[in-house]
Amino acid sequence: MAAPTGFPFPPTTNRRRPRLARSDFHTTWRSELRLWNSTTKRGAVWLLVVLALAAPMLLDAAWLRVLVVALIASVAAMSLNLLTGVAGQLSLGHAAFVGIGAYVAAYVTDTLGWSFWWSAPAAMILAGAAGLVLAPIALRVRGLYLAVVTLGLVFLASHIFRNWESVTGGVGGARIESPTILGIDLVRGGTLGPLTLGQNQGYYLVMLVIAGVTYLLLRNLARGRTGRDMVAVRDDDLAASVVGVDVFSAKMLAFVISSAFAGLSGAMLGGFLRFINYDQWDLTLSVEYLVMVALGGSGIIGAAFAGALFVTAVPELLDRAAPLLPWLSEAGGGLTPERASAILFGLLLAAVVVTEPLGLYGVWLRLKRYLTTWPFTY
Amino acid sequence: MSGHVSLIISSLAVGSIYTLIALGFVVVFRASSALNFAHVGVMLLGGYVTFQVSRLWELGLLLGVLVAAAVSAAVAVVIYLTVARPLTGRPVMAVAIATIGVDMAMRTAVGSYPPWTGESVEVGGPWGADTSLVLGVPVYTSHLWIIATGMVVVGALVLTVERSRWGLWFRAIAEDEESAAAIGVPVRPVLLAAWMLAGLLAALAGAFVGTFPRLLQPASAEFAFRAIPAVVIGGLNSITGAVVGGVLVGFVEVYTAALAPGELGVNVHHVAPYVLMLAVLLWRAEGLFGTPDVRRL
């Protein structure tokens, strides 16, 4: 007769829980610090890659447009996450650096007449240089004063974008050549031999690569020694300096790198929109980047993807649902879908900060803890 | 000379408005150690409620300001109870981020209400475009009233903070909230009162922002944003600083508008306060009258 199993008797065989839900234990720091340090994460990454590559075939041009804008915004949001989430320096001026990137792209393609592909590195270098010039001013002050200085930066940048007409086109705005590969316009699409790219498909694929590379660079920076220095500065800069962290370099590096990637995002946004205006790079845009960071998960680089997707998709969703929502007005004045989503984002930002400082990532952590410890509550 | 008299009166009037807004920031900062960006949205709301009561319902400016003050104070208290109080003890940055979200929502919501924002509006001051003679120079009567009101409010505020029991409690809480609570200061009522006071000041400022020769429009919110440099120039925790900073920013703005060469661009006087702020911060990182940050591990 077989021995009884089950409660209260221990099982005779060591039944393993399925790999997916099992906690991964680490025996070395190296394994814990790995980029994707658990089976689940590796699986999720593969799933994401497959979904991302399948998206251009499954979605129409309008939704692909949302994805492209979300990917572009995610580059800026990830870089802001490095500065604000990882290094703890609240910046309300991110839109200014994104704007610089966009205007560099306009100058390179329209005034100089070069190919678009020069504008991305040029935008990174010039926006990074602007960050380098402003960093000593910004880093002389701490905390709330930094927030106020960067707030001033947004208004100053708007003023310069509007009035430096020879470079920015002033009130008339600026035009940007959209990028081409082998003669195919990446936004409008085109055919080359057997290869046919639909509208937005080419740009989507390019943005996927750029956002992926940005993610890897920033995440690797954040999980290494530099990132640990930044986290130490965020948690207490005085304590960090006492244990030997070079506080000024850590802040400076975060500021310059985040400005450079904001510039990259701006150049790509310009290349996609093909027309930019001086009043686009305002405080609202800066706050939207903050919403992406806070909503995704402050300090979690990749979570900014989720935030960016949400912030980009909501206006589009509201726009499509407008016939069902009588309180939304169609165009012009009143409560347009853009304004409704701005109100939502503002309230959401406050709600996230008050109730769940880690945003969607925090919700996911709670869900995961609930599922892995089920049926227990601890 | 006559040019300067009217410029000085304008500067003082604009400076009074900045001072009123700046005082709201400082009062909240001293009470809750928080930079309350939602103050901007509260000011805009106050201005438009004044417009609603005074112009659309034709009940007069005084009643308009009173109603706006009540509404703004209520909104400020709601922001305190839902955002600032739950964040007590969290990093100061958290309140700043949360309130800038509230501010964006409020500004956009006010800007989405067609009866208010169809065009630029005047809140309906009884002075209209009247002028009075000062040293033989005609200046807007409304400016004189704004200056007078500003001086009365600043005087009353300083007297309250320095001489009254509530002012003593307020200063004790600003010094150290826990010690204040330990010696029996009613912390919660005082904090509530401080946020209400900030709302009142915002409503008054909002009404003046919409008084001729200025017009109220959703972009008037930038008026309140420019009061932030005024606060920072003076020092975030100093009432004297708010007054000096506010008046200084008023002078800088009016004189830049009058004297700046065209090459500096359209509306350069709107960014001049920020430039002044950067200059002051490079010189003194805590502002002119602020207390330097004393930090220990």
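## Leu20(B) and the build of chain A

Leaving out neighbours within four places in sequence, Leu20(B) touches Val153(B), Leu201(B), Leu204(B), Ala205(B) and Phe208(B). The model you are looking at is predicted, so please read everything here as computed from it.

Where does Leu20(B) sit? Leu20(B) belongs to helix α1 of chain B, which covers residues 2-32. Its relative accessibility is 1%, and because buried means under 20%, Leu20(B) counts as buried. Another residue to look at from here is Phe223(B): it lies 203 residues from Leu20(B) along the chain, with 11 Å between the two C-alpha atoms.

Now let us turn to chain A, which holds 15 helices and 6 strands. A compact globule of 378 residues would have a radius of gyration near 21 Å, so the 23 Å of chain A agrees with that expectation. Along the principal axes, the C-alpha atoms of chain A fill a box of roughly 90 × 60 × 45 Å.

| Property of chain A | Value |
|---|---|
| Buried residues, out of 378 residues | 47% |
| Contacts joining residues at least 24 apart, among those between residues at least 6 apart in sequence | 71% |
| Carbon and sulfur share of the accessible surface of about 18500 Å² | 67% |

Finally, the charges. How many positive and negative side chains does chain A have? There are 27 positive and 20 negative ones in chain A, and 14 Å separates the centres of the two sets.

Note on methods: Residues are numbered from 1 along each chain as its sequence is written. Chains are lettered from A and ligands numbered from 1 in the order in which they are written. This is a predicted model: local features need pLDDT of at least 70, side-chain atom pairs count only at pLDDT 80 or more; totals for chains, interfaces and linings use all residues. Side-chain values use heavy atoms; hydrogens and water are left out. Helices (H or I, at least four residues) and strands (E, at least two) are DSSP runs, numbered from the N terminus. The radius of gyration is taken over C-alpha atoms; the globule rule is 2.2 Å times the number of residues to the power 0.38. Buried means under 20% relative accessible area, exposed over 50%, partly exposed in between (1.4 Å probe, protein chains only). Contact means heavy atoms within 4.5 Å. Accessible areas come from the Shrake-Rupley method with a 1.4 Å probe; for residues, only the protein chains shown count as cover. Lys and Arg count as positive and Asp and Glu as negative; His and the chain ends are not counted. The place of a charge is taken as NZ of Lys, CZ of Arg, CG of Asp or CD of Glu.
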